[in-house]
Every structure is written in structure tokens, then in C-alpha cells.
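Look at the strands and how they pair. Then look at the domains and the ligand.

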Amino acid sequence: MIDGPERAGDGASRRSFLKRSLALGGAAALAGIGGRRASAAEGGDPAITEVQDWNRYLGDGVDARPYGLPSPYESEVVRRDVPWLTADATSSVNFTPLHELDGIITPNGLCFERHHAGIAEIAPQEHRLMINGLVDRPLVFTMDDLKRFPRENRIYFLECAANTGMEWRGSQLNGCQFTHGMVHCVMYTGTPLRYLLEEAGLKSAGKWLLAEGADASAMTRSIPMEKALDDCLVAWKMNGEALRPEQGYPVRLVVPGWEGNMWVKWLRRLEVGDQPWQQREETSKYTDLLANGEARRFTWAMDVKSVITNPSPQAPITHGRGRTVATGLAWSGNGRIKRVDVSLDGGRNWIEARIDGPSLPMAVHRFYLDFDWDGSELFLQSRAIDEKGFVQPTKDELRAARGENSIYHNNGIQTWWLQKDGALENVEVS
Ligand SMILES: Nc1nc2c(c(=O)[nH]1)N[C@H]1C(S)=C(S)[C@@H](COP(=O)(O)O)O[C@H]1N2
Ligand SMILES: [Mo]
């Protein structure tokens with residue numbers, strides 16, 4: 001709550017504040033935001049004058065919650081699905097509540113889920129990972145075997161190639177959870193895939209890898225050996241604890257920067273071959289049908305992308321005009337994010353946002369724009385640029401290049417229409 005004579009939302013000071021804050025890329029020195037003035041409480045704010053229960057009585061002891069859960073006041077912070085999107089929950093998706101999160105790490109219980117045949121519930125002592133095909137020594141690993149290989153910890157985003165797919169032809173879903181929530185960013189612990197392949201001994205003809213899941217869909221994808229030997233991980237921990245069943249417990253493949261479908265969960269087999277297998281998920285699915293009837297295939301790296309998570313349709317501005325924190329996420333399968341720009345006027349003018357927190361290759365980046373909202377309508381957009389120089393396109397630019405048939409690989413610029421009452425709507429300004 002902004003109050004007092006110096007409130008940032010006042011006339012001339014507001015305009016100069018806006019100018020200043022824009023000039024400084026949002027990192028402006030902010031005057032007049034000391035919170036509610038103390039005098040407001042002089043009438044007797046019961047939040048101050050009354051002794052509250054939590055102040056009067058002892059709380060639960062240390063063993064009341066052996067596995068901690070969020071406060072009951074955070075009960076809205078959950079994954080959500082879009083019921084009409086799929087016929088059945090076992091081959092479906094739900095979405096990360098991006099508008100409720102901050103920083104760059106997605107908590108384990110909020111990582112979106114995408115299953116093709118439900119969640120496999122696997123007893124780790126019964127799980128095996130096999131390496132076969134063009135290797136000197138076909139091998140089978142137990143989970144205990146895997147844990148004797150050298151471990152690494154790395155933070156990566158995973159984005160489903162279908163993320164934002166419903167928005168290709170125009171704006172459709174009202175909330176960044178639904179338009180952009182098929183992404184999460186987690187610290188994985190595991191062993192580089194390279195070590196396991198070296199243990200088996202690659203034959204020189206071995207140029208491709210087939211990764212297969214142990215779930216009822218037996219998810220299978222072809223991965224070029226170059227990538228497998230470069231930075232892929234076989235991971236069994238996420239954010240420090242065991243993978244959640246939804247995320248592939250006891251072990252999954254991590255394919256940094258590349259489309260989520262390749263990150264095979266419940267990983268049970270790696271076959272080495274001399275060519276791709278042309279599986280269903282790399283032919284009929286996860287391909288983009290161009291206007292000329294040809295399909296783009298094997299487009300693995302996820303393109304540079306960003307979205308403003310707050311304010312957004314599920315997170316309206318409730319404080320009225322004045323000082324406002326806009327924030328969002330940016331990521332690229334090509335490496336680090338170099339810059340994020342924010343527009344308040346549908347892409348006519350751009351202001352460089354402030355990136356805060358770790359800047360890691362193929363991880364999400366958190367950006368902020370601290371600005372003074374004058375209460376007028378705005379068209380909020382963000383545009384990310386990665387370290388390879390790729391610039392997030394407008395949706396028109398994307399459609400000009402790829403046509404109108406696509407679902408997958410939509411990294412177009414998102415627009416939120418901020419209305420005078422602080423509500424927001426998903427619209428397209430291209
Ligand atoms: N075994 C198996 N692996 C899988 C899938 C699956 O259905 N089965 N879905 C894939 C898809 S399409 C995506 S986007 C990611 C989703 O990972 P998440 O559920 O951890 O978010 O897992 C991939 N790995
Ligand atoms: Mo996916």
C-alpha cells in the first residue's frame with residue numbers, strides 16, 4: 001500500500017519517476033514508498049492492537065509436519081490443467097503456476113506434468129537401466145550402480161515443445177500458467193550420460209541414441225550422439241531430493257535446452273544405433289507442418305522466449321496506480337539470456353529490464369521492471385535476446401516464417417492488456 005504525501009502516483013512526480021525509472025532500466029531509486037503511514041494505524045488497526053492467536057498460544061511442535069508443506073494460505077498455488085485440452089488425464093498435461101513464483105527455481109511440487117500414459121510408480125530396487133546396441137559391452141545398471149558414478153549438479157529449464165501451442169493462431173488462454181506454464185527449472189543431480197556410454201564402450205558406428213521410458217507409453221526418442229556426449233545427464237535428484245514420481249522417479253534423462261519430450265522419464269533403456277529411429281514422437285508429433293506441406297523435424301533446441309508473469313491475467317494489479325513491480329521469465333535453449341526488454345505500449349517502445357539472480361546457460365532467467373503505473377491502459381510485452389544473438393520474434397514474424405499450421409515451438413512475443421481497473425487479458429499485438 002502506497003500512502004503519504006510523497007506517494008509515487010502523484011502527478012508530476014509520477015511522470016518524472018516514470019522517466020527516471022525507465023532511464024535506469026527499472027533499477028531506479030524509489031522515493032515515497034514507505035508503506036502505509038504509521039498514522040493510518042492510530043485509529044486502531046486490529047492487526048496491530050489485538051493480540052492474535054498465534055501470539056497467544058504455542059504452535060505445533062517440530063514433529064507435526066515430518067515433510068513440510070506450504071502454508072494453508074497458499075492453497076491456490078497449484079498446478080492446473082485445461083480440462084478440454086485432452087480426452088483423458090493419463091495422456092495429458094498440467095501447468096506450472098508461473099504467476100505465483102519468483103526467482104528461477106521451480107519447487108518440486110509445482111513442476112508441470114506431461115505424461116503420455118500416466119505416472120509410472122516404480123520401486124527403485126526393481127528398476128534397471130540397460131545400455132545395448134552398438135556398444136562393446138551391453139550393460140545393465142541398478143540405481144545403486146548409477147550412484148557410484150561421479151555426480152554433477154546443474155540447473156536447467158525443461159520446456160515442452162507444445163508450450164504456448166494453443167496461442168499460435170491468436171490469443172486463447174487467459175493466464176501465463178496456461179499459455180506458458182509447460183516450463184520448469186530445476187537443479188538436477190546425476191551423472192553425465194557420457195560416463196555410462198564410456199563404460200559400455202561406444203562402437204565407432206554409434207551415432208545415435210534411443211532413450212526409452214519404463215512407463216506404459218514406453219516413450220522413445222532418438223538423440224544424436226554429439227548431444228549425448230556433450231551435456232546430457234542421467235539424473236535421480238531434483239532440487240536436492242529424489243525425483244518426484246511425476247518427474248520420472250527413480251531416474252530420468254536431462255537433455256539441456258532441448259524440447260521436453262526428449263527428457264525421457266522413468267528411463268530404462270539406451271540403445272546405441274547408427275541412425276535415428278523415426279519414432280512416433282519425432283515424426284507425427286513434435287514436428288511443425290509448414291505452409292508448403294513439408295514438416296520441420298528434429299528441431300531440438302528450444303528457441304529464445306520470455307513472458308511477463310506479473311502482472312498477468314491471473315495476477316491483476318490490486319494496488320491501483322503507482323509503484324508497480326513487473327516481473328517475468330526468459331530462457332533459451334541456445335545458452336544464457338543476454339537481455340530482456342519490456343514494452344508498456346505493445347512493442348512501440350522498449351525498456352531494458354533488470355535481470356536478477358543467477359544467469360546460467362539453458363536455465364530460466366528472472367527479470368524485473370520496476371515502474372510507476374499511471375493507471376492508464378497498457379499493452380505489456382517482453383522480448384528476450386540470447387547470447388547467440390537470437391531475438392524473440394513477434395507472433396506475426398513467427399507465422400511469416402512457419403505458417404499457420406504449427407502447434408509446437410511457439411516462442412512469439414506475448415501481450416497482456418492491462419486495463420484501468422488493474423485486470424489483465426491475453427490479447428495479441430503483433
Ligand atoms: N517416459 C516418459 N517420458 C516423458 C514423457 C512421457 O510421457 N513418458 N513425456 C515427455 C514430455 S512430452 C515432456 S514435455 C516432459 C515433461 O516432463 P515433466 O513431466 O517432468 O514436466 O517429459 C517427457 N518425458
Ligand atoms: Mo512435451
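This is a predicted model: local features need pLDDT of at least 70, side-chain atom pairs count only at pLDDT 80 or more; totals for chains, interfaces and linings use all residues.

Which residues of β4 lie on its covered face, and which on its uncovered one? L129, I131 and G133 make up the covered face. M130 and N132 make up the uncovered face. In a regular strand, side chains alternate between the two faces of the sheet.

I131 stands opposite L270 in β13.

## A three-stranded sheet

Another open sheet has 3 strands, in the order β1-β2-β3. Its pairing is antiparallel. Why is one side of β1 and of β3 left without a neighbour in the sheet? β1 (80-81) and β3 (114-115) stand at the edges and have a single partner strand each, so one side of each has no neighbour there.

Strand β2 spans residues 92-95. It is joined to β1 by 2 bridges, and the two run antiparallel. R80 has F95 in β2 as its bridge partner.

Strand β22 runs over residues 378-386. How many of its 9 residues are buried? The count is 7, so the strand is mostly covered.

Strand β22 pairs with β18, residues 337-343, over 6 bridges in the antiparallel sense. There, V340 stands opposite A384 of β22. Strand β22 is also joined to β23, residues 415-418. That pairing has 4 bridges and is antiparallel. L378 stands opposite L418 in β23.

The protein chain is divided into domain 1 (98-286) and domain 2 (305-427). Taken over C-alpha atoms, their centres are 28 Å apart. The contact takes 28 residues from domain 1 and 30 residues from domain 2.

Which elements give two or more residues to the side of domain 1 that touches domain 2? They are β6 (152-159) and α5 (176-180). Helix α5 gives the most, with 4 residues. By class, this side of domain 1 has 14 nonpolar, 11 polar and 3 charged residues.

## Around ligand 1

There are 21 residues around ligand 1. Which come nearest? They are H116, C160, G213, M219 and G260.

The shell around ligand 1 can also be sorted by class. It holds 8 nonpolar, 8 polar and 5 charged residues.

Terms used. Residues are numbered from 1 along each chain as its sequence is written. Chains are lettered from A and ligands numbered from 1 in the order in which they are written. A residue is buried if 20 or more other C-beta atoms lie within 10 Å of its own, exposed if 12 or fewer, and partly exposed in between; C-beta atoms are placed from the backbone. Two strands pair if DSSP finds at least two bridges between them. A residue is near a molecule or strand if its C-beta atom, placed from the backbone, lies within 6 Å of it. Ala, Val, Leu, Ile, Met, Phe, Trp, Tyr, Cys and Pro count as nonpolar, Asp, Glu, Lys and Arg as charged, and the others, Gly among them, as polar. Domain bounds come from an automatic or database domain assignment. Two residues are in contact if their C-beta atoms, placed from the backbone, lie within 7 Å.
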